[in-house]
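User: Hi! I am new to reading structures and would like to learn about salt bridges. Could you walk me through them?

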Amino acid sequence: MAICRVKSLLSLSKCFSMRTFSSAQASPRQLQNIGFIGLGNMGSRMANNLIKAGFSLTVHDLNSDVLEMFSQMGIPTKKTPYEVSEASDIVITMLPTSAHVIDVYTGTNGLLHGGKLLRPWLLLDSSTIDPETSRNLSATVSNHILKENKGDWERPFKLDAPVSGSVTAAEAGTLTFMVGGSEEAFLAAKPILFSMGKSAIYCGGAGSGSAAKICNNLALAVSMLGISEALALGQSLGVSAATLTNIFNCSSARCWSSDAYNPVPGLMEGVPSSRDYTGGFASKLMAKDLNLAVESAKLAGCKFPLTSQAQKIYTELCSYGHEAKDFSCAFRHYYSGLDEANDQ
């Protein structure tokens, strides 16, 4: 998995409201000890925000260098997911693929290595994976029992809680969480979620968070390609991308890809297109998410012509060597759009 050096983070001051409920409720003590597995571009920043918020962390990653960095910060590190599990009341995972998540949960020395007994009362997976894997892991976790009493909690829960937001949002603590699983567990986990993000939306039962994330990124990919195609066509017809962007942003074509994340180099500062498409959301990750969307659509028996075309475009971009570029690079590297200076 991709690992990056941990940057300093702004201190967080988050406010949240938490609805009370009649059965199980997590006490502050049951939220205090958090395990975090997967300290890549996103995970390292999410973990740092939890530290800033005052939680006690124990971490694990396959990269020894990043573990050493956290160790130098005074954060306990463990060699296996199971060791993290044994030291934690809650474990958060942020991993690249479904296969990685399955291995961390059920592999040798995985989170569930200790038979039917489990110390954490909550396992929270923020990876972007397929809904079926999320549902299967939730069912597996529900068959375990807690090693020790956790107040009113009688058995462990798993939430799928993928995020929307870039590395910048992870660093700033402004992620949006899409959460599937027990609503009761979701409400109890809000203090943790709001220490890493600005919004947490309950989507339904197990797998619903993963499904929502796939749908969100499908819509994002199609809208970015639509905007890129229209802007490149406009340039070919003699209308500048700057002019078209101004039109889009005050008319019916307005969307995030036009007014907040414009793909044309030279039109907007602070976005990947302004820095040769570095940073942001890599094309290879968009291709991965579109693969998940295609497979989910097939299983659901849904038509997916736009998903299929978007998948082909991003797979092609990756094959041409642009896999690490931000997904908005389709404007330049697929549609052959031109750079512009925004003089308007």
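Predicted model: local features only at pLDDT ≥ 70, side-chain atom pairs only at ≥ 80, totals over all residues.

User: Thanks! What is the general idea of a salt bridge?

Analyst: Side chains of opposite charge can pair when their charged atoms come close. Here, the structure holds ten salt bridges.

User: Which residue forms a salt bridge with D276, and how far apart are the closest N and O atoms?

Analyst: The partner of D276 is R332, with the closest N and O atoms 2.8 Å apart. This pair links distant parts of the chain, 56 residues apart: D276 sits in the loop between α11 and α12, and R332 in helix α14. R332 has a relative accessible area of 22%, so it counts as partly exposed. D276 is partly exposed as well, at 39%.

User: Which residues are linked with D276 and R332 in a network of salt bridges?

Analyst: K325 and D339 join them in that network.

User: Are R119 and D89 buried or exposed?

Analyst: R119 is buried at 19%, and D89 is buried at 4%. Their side chains meet in a salt bridge of 3.5 Å, N to O. R119 lies in the loop between β4 and β5 and D89 in the loop between α4 and β3, so the pair ties together parts 30 residues apart in sequence.

User: And how many residues apart are E295 and K298 in helix α12?

Analyst: Three, which means about one helical turn separates them. Their salt bridge has its closest N and O atoms 3.8 Å apart, and E295 is partly exposed at 44%.

Key:
Residues numbered from 1 in each chain as written. Heavy atoms only, no water. Salt bridge = Lys/Arg side-chain N within 4 Å of Asp/Glu carboxyl O. Helix = DSSP H or I, 4+ residues; strand = E, 2+ residues; numbered from the N terminus. Buried < 20%, exposed > 50% of the residue type's maximum accessible area, 1.4 Å probe, protein only.
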